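Trainee: Could you take me through a close look at one loop in this structure? After that, I'd like to see how the rest of the chain is put together.

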Amino acid sequence: MKTTILSLFLFSTFSLFAQPDRWQQRIKYTMAIDMNVQTNQFTGKQSIQYWNNSPDTLHKVFFHLYWNAFQPGSMMDERSRRQGGIQVPKGNTQGPDWDARVKDRIINLKPDEIGYEKVAFVKMNGREQKTKLHETILEVVLDRPILPKSQVSFDLQWDAQVPLQVRRSGRDNPNSNVRYTMTQWYPKMAEYDYEGWHPTPYVGREFYGVWGDYDVTISIDKTYILGGSGYLQNASQVGYGYEEKGTTVQRPAGNKLVWKFTAPNVHDFAWAADPDFVHLSKKIRPDLTLHVLYDKTDKRVQEWNEVLPKMEKIFPFVEKHFGAYPYKQYSWVHGGDGGMEYPMTTMISGPGDGVTVHEFLHSWYQGMMGTNESLYPWMDEGFTTFAEEETLAFLNKSQEFPHEDSYNSYFALAKSGLEEPMTTHADHYNTNFAYSIASYSKGSVFLSQLGYIVSDSVRNKILLEYYRQWRFKHPNASDFVRVAEKVSGLKLDWYKEYWISSTKTIDYGIDSLWETGGATTIRLSKIGMVPMPVDVRITFKDGSSEWHYIPAYEMFGEKPAEPEQRNRKVYPEWRWTSPTYNISTGKKLTDITTVEIDPSGRMADGNWKNNKIELKW
């Protein structure tokens with residue numbers, strides 16, 4: 001990789017520890033496609049440079065052909081129809097566990113509505129290779145192995161049909177009126193990492209890819225306006241608001257226009273196209289331009305026009321708390337369904353604050369961390385949800401606890417009887433209901449509750465150090481926990497074990513109070529299975545209060561006092577085998593008005609009714 005590219009990504013906000021040395025495969029895509037907007041089909045050519053930086057000899061490679069999922073009888077179709085027969089909570093009632101975007105639509109697609117990617121050939125170093133098709137996975141059996149620390153080239157030719165909008169990808173979305181949402185649209189090489197190959201079929205959700213550089217050329221009807229990943233290289237020929245001010249646009253003759261993009265150090269490339277796109281852009285600093293593209297027929301014009309000012313406002317906050325944004329552009333593009341994140345862009349069906357902020361923040365936990373989302377969806381969706389909630393509180397100047405909705409969703413899941421451990425593969429959850437809440441809400445609670453365990457200020461340092469150490473390195477759950485342990489000085493593997501690997505719950509309560517010799521003893525109870533450190537605030541008639549802190553045995557240390565807890569009393573650790581623990585104050589029982597466990601609400605105690613006692617005298 002060239003020094004000029006490396007320099008873009010070696011920005012450091014923290015320097016506590018050296019970066020981990022985990023090898024990464026590397027790829028460079030050069031792709032050209034020719035789109036026919038009448039047939040909704042295109043042809044494509046792909047040249048790939050692939051670096052095997054692993055210590056292993058590779059005898060085969062795999063490519064994702066995601067659009068083959070949009071065919072009757074596919075694995076996605078079968079699973080979606082299965083979910084329709086499972087009842088899950090829907091507010092105060094029950095309903096089918098559909099993915100609302102899919103339901104039973106795939107089986108009803110007509111031949112000109114299905115999606116497909118048909119690879120004509122795969123060549124390695126000029127020699128055609130043997131292939132085996134496994135629906136959405138193309139296995140390539142190599143005639144010669146790829147040796148460790150070596151480089152090879154692949155050439156592919158394929159043709160594809162854009163499916164009628166089903167999920168994330170497709171055409172003619174009835175919700176957004178956008179013609180083409182081009183995501184998961186090309187043969188994409190599967191990731192090979194320290195765990196081996198990841199040829200994950202497209203059944204339900206989530207993606208994983210190799211970081212590299214993209215050079216993409218798109219030929220399409222010249223009335224269409226494009227937005228998405230990458231930097232447009234021929235803006236003076238394209239125009240449509242991409243050209244520099246004062247530049248005269250000179251489009252070539254003919255019915256088609258060629259768009260040329262490059263994207264450095266990303267693991268995917270996505271774009272959307274529509275003849276009715278309105279393109280807004282704003283350079284918010286010399287090295288960064290933000291874009292918004294939306295369909296002019298949409299009624300929410302005012303909301304679309306508010307996206308750029310709001311996103312400019314949040315940028316300093318986001319970079320201060322989660323790390324620097326390293327690319328030169330970001331685009332919010334009308335299309336898709338709901339919202340779906342890609343490098344440098346997101347496809348959104350509407351301009352609401354929640355979706356625009358959430359999908360943008362995926363740039364950190366899906367884009368730069370690039371965790372295997374199939375195995376650790378909570379490390380992407382959950383961390384992004386946490387960051388979204390923090391950022392929206394900043395944007396709206398809210399003083400309320402920003403993560404309350406995530407806690408309430410988690411509590412609903414825990415009480416439903418449908419919860420599964422967060423170690424479950426994203427496609428293997430029995431219900432979409434359990435997957436969604438575990439990955440988004442319980443994942444967000446993981447970080448918020450970590451702030452309770454180590455203090456919010458230390459948790460914030462952990463997130464910045466995690467960014468510094470692990471961006472562009474595919475971290476796993478243990479990698480994050482080790483960063484947290486090093487920054488906090490506490491043992492935290494137990495937290496991952498209980499919160500991620502089990503469905504055990506937290507329940508601490510106030511058992512009883514009594515006075516002896518003018519001092520008051522308070523007995524606390526551990527009722528749930530998950531151990532936690534315990535903050536207790538005792539409030540007195542005169543308005544004063546005392547903080548009492550009991551570390552969990554497993555921590556082998558204590559968190560620093562938080563701002564409101566400067567004069568706290570620290571006790572020996574509470575062993576998880578002990579069902580009760582006594583704390584005491586020198587005040588009389590009649591002086592006490594309130595005793596409360598965790599007034600901050602950050603400990604995800606599913607039974608808050610026994611956390612607080614108010615005494616009436």
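Mentor: Gladly! Let's settle one term before we start: a contact means heavy atoms within 4.5 Å. What you see is a predicted model, in which local features need pLDDT of at least 70 and side-chain atom pairs count only at pLDDT 80 or more, while totals for chains, interfaces and linings use all residues. Residues are numbered from 1 along each chain as its sequence is written, and side-chain values use heavy atoms, with hydrogens and water left out.

Now to the loop. Asparagine 610 is placed in the loop between β32 and β33; strands (E, at least two residues) and helices (H or I, at least four) are DSSP runs, numbered from the N terminus. Leaving out residues up to four places away in sequence, asparagine 610 touches Asp507, Tyr508, Gly509, Ile510 and Ile527. With a relative accessible area of 18%, asparagine 610 is buried (buried is under 20%, exposed over 50%, and partly exposed in between, using a 1.4 Å probe and protein chains only). Its side chain makes a polar contact with the side chain of aspartate 507 at 3.3 Å. A polar contact is a pair of N or O atoms within 3.5 Å; within protein, one must be able to donate a hydrogen and the other to accept it, and residues adjacent in sequence count only if both atoms are side-chain atoms. Look also at aspartate 511: it lies 99 residues from asparagine 610 along the chain, yet their C-alpha atoms are separated by 8.2 Å.

Arginine 602 belongs to this loop too, which runs between β32 (592–597) and β33 (612–614). Arginine 602 counts as buried because its relative accessibility is 5%. Its side chain reaches the backbone oxygen of glycine 451 at 3.3 Å. Beyond its neighbours within four places in sequence, arginine 602 is in contact with a list of residues including Phe401, Tyr407, Tyr452, Asp456, Asp535, Lys559 and Glu562.

Strand β4 (residues 87–90) runs antiparallel to β5 (residues 93–96), and 4 bridges join them; strands pair if DSSP finds at least two bridges between them. Proline 89 stands opposite glutamine 94. The two strands form a hairpin with 2 residues between them, and glycine 91 in the turn has a positive phi of about 70 degrees.

Next, the sheets. One is open and antiparallel, with 4 strands in the order β8-β9-β3-β13. Its edges are β8 (130–134) and β13 (188–189); each has a single partner strand, so one side of each lacks a neighbour in the sheet. Within it, 6 bridges join β3 (residues 58–64) to β9 (residues 137–146), with valine 61 opposite valine 140. Another open sheet has 8 strands with mixed pairing, in the order β7-β6-β10-β2-β1-β16-β19-β18. There, β7 (127–128) and β18 (231–232) are the edge strands, each pairing on one side only. Antiparallel strands β6 (residues 116–124) and β10 (residues 150–161) share 8 bridges, and the bridge partner of tyrosine 116 is glutamine 161.

Phenylalanine 62 and tryptophan 197 have ring centres 5.5 Å apart and planes at 70 degrees, so they form an edge-to-face pair. Because phenylalanine 62 is in β3 and tryptophan 197 in β15 (residues 196–197), the pair ties together parts 135 residues apart in sequence. Both residues, phenylalanine 62 and tryptophan 197, are buried. For the cut-offs, rings of Phe, Tyr and Trp (its six-membered ring) pair if their centres lie within 6.5 Å; planes under 30 degrees apart are stacked, over 60 edge-to-face, and the rest tilted.

Finally, the overall picture. The protein has 11 helices and 33 strands, and 58% of its 617 residues count as buried. Its C-alpha trace spans about 95 × 55 × 55 Å along the principal axes. Among contacts between residues at least 6 apart in sequence, 71% join residues at least 24 apart.
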